[in-house]
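Keep the structure open as you read.

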Amino acid sequence: MMQTTPKKISLRKYFLKDLLRNKLLYVMMLPALAYYFIFQYGPMYGALIAFKDYTPSVGIWKSEWVGFVHFKDFFEGFYFGRTFKNTMMISLYTLVFEFPAPIILALLINELRSKRFKGFVQSVTYMPYFISLIVICGIVKDFTNSGGLINNMLGYFGGNGNAMLQNPDFFRSIYISSEIWQRFGWESIIYIAALSAIDQEQYEAAKIDGAGRWRQMFSVTIPGILPTIMILLILRMGNLFNIGFEKIILLYNPAIYDTADVISSYVYRKGLLEFDWSFSTAVGLFNSMINLVLLITANYVSRRVSENSLW
């Protein structure tokens, strides 16, 4: 019989002791663990469909194994270049313009001295996040149609007043702008919390050294929240290509597919509208692999450059 080593016994005793001491915290953790196991890890079994000619009547295991055929069809298909380019462009625009927006807002709110005005600004900027996505897209469509608010404003400066969501050149700007408006207030909360944790004595020391408000921001404030920024940047890189198809589908139309059709919307059309489950699963798996590579790369670079990382 194998003898249990003292190290294993000590670890077991430590875990049991910690379990008894923090049993309520473990109970609170159970719903989150159940969510991830049921809705995140459980469905990973279905990824086998990407390598099979899936037929619902025979099930996953009995469907014919075809290997990488669906991946090859996607890479050689007509829509690969368009969907990959659009996904990459919108993802990069989101990273460049949408990611810094809540940081800038948090820094601006931090400079406000009136608590009442600060609360008002926070409430106004948080509000769009709680509006239904369908309502948000309806507002965007109303504002950008030929008789909408934006075109009426542009008309005073000589604009032509055409429906903006019928023009492929405008889609990315409209999408990114609406994303910033909807999310930057809510996403600024974590940065505001990080700002509140900065030791105020650092500001006092900076004032003694003659630093003004602008210099304090770059010498104290931004370095103080830099670890938070890096961690959130790594998480964002891991979801960079996960552009939500819901908003894309609610906004786009065949006239602007050239710039609006992304991998997730293509998966939606192939899987749910054309019932090509195996092909759409392969495309979705390819998209997830890109996100995994980006996450690992971003974590490695961050650990080497700033010593901040997820692992």
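Helix H6 (residues 100-111) packs against H10 at an angle of about 55°, and their axes are 7 Å apart. That angle makes H6 oblique to H10. The model is predicted, so read each value as computed from it.

**H6 against H10**
- The crossing of H6 and H10 is right-handed.
- On the H6 side, the contact is made by Ala101, Pro102, Ile103, Leu105, Ala106, Leu107, Ile109 and Asn110.
- On the H10 side, it is made by Ile180, Phe184, Gly185, Glu187, Ser188, Tyr191, Ile192 and Leu195.
- In an α-helix there are 3.6 residues a turn, so residues three or four places apart point the same way.

**H7 against H10**
- The axes of helix H7 (residues 115-126) and H10 come within 7 Å.
- These two axes cross at roughly 130°, and H7 and H10 are therefore oblique to each other.
- From H7, the residues in contact are Gln122, Thr125 and Tyr126.
- They meet Phe184, Gly185, Trp186, Ser188, Ile189 and Ile192 in H10.

**H8 against H10**
- Helix H8 (residues 133-144) and H10 have axes that come within 11 Å.
- Their crossing angle is roughly 130°, so H8 and H10 are oblique to each other.
- The crossing of H8 and H10 is right-handed.
- Leu133, Ile136, Val140 and Thr144 of H8 make the contact with Ile174, Ser178, Trp181 and Gln182 of H10.

**H10 itself**
- Helix H10 covers residues 168-196, which is 29 residues.
- At 1.5 Å a residue, H10 should span 42 Å.
- Where is the kink in H10 centred? It is centred on Phe184, with a bend of about 45°.
- Phe184 is also among the H10 residues that meet H7, and it is one of those in contact with H6.

**The start of H10**
- Which residue caps the N-terminal end of H10? Asn167 does.
- A side-chain oxygen of Asn167 lies 3.0 Å from the backbone nitrogen of Asp169.

How values were computed. Residues are numbered from 1 along each chain as its sequence is written. This is a predicted model: local features need pLDDT of at least 70, side-chain atom pairs count only at pLDDT 80 or more; totals for chains, interfaces and linings use all residues. Side-chain values use heavy atoms; hydrogens and water are left out. Helices (H or I, at least four residues) and strands (E, at least two) are DSSP runs, numbered from the N terminus. The expected span of a helix is 1.5 Å times one less than its number of residues. The bend at a residue is the angle between axes fitted to the seven residues ending there and the seven starting there. A polar contact is a pair of N or O atoms within 3.5 Å; within protein, one must be able to donate a hydrogen and the other to accept it, and residues adjacent in sequence count only if both atoms are side-chain atoms. Axes are lines fitted to C-alpha atoms, for helices over the stretch in contact, and angles run from 0 to 180 degrees between N-to-C directions. Angles under 35 degrees count as roughly parallel, over 145 as roughly antiparallel, 65 to 115 as roughly perpendicular and the rest as oblique. A crossing is left-handed if the near helix is turned anticlockwise from the far one by less than a right angle, and right-handed if clockwise. Contact means heavy atoms within 4.5 Å.
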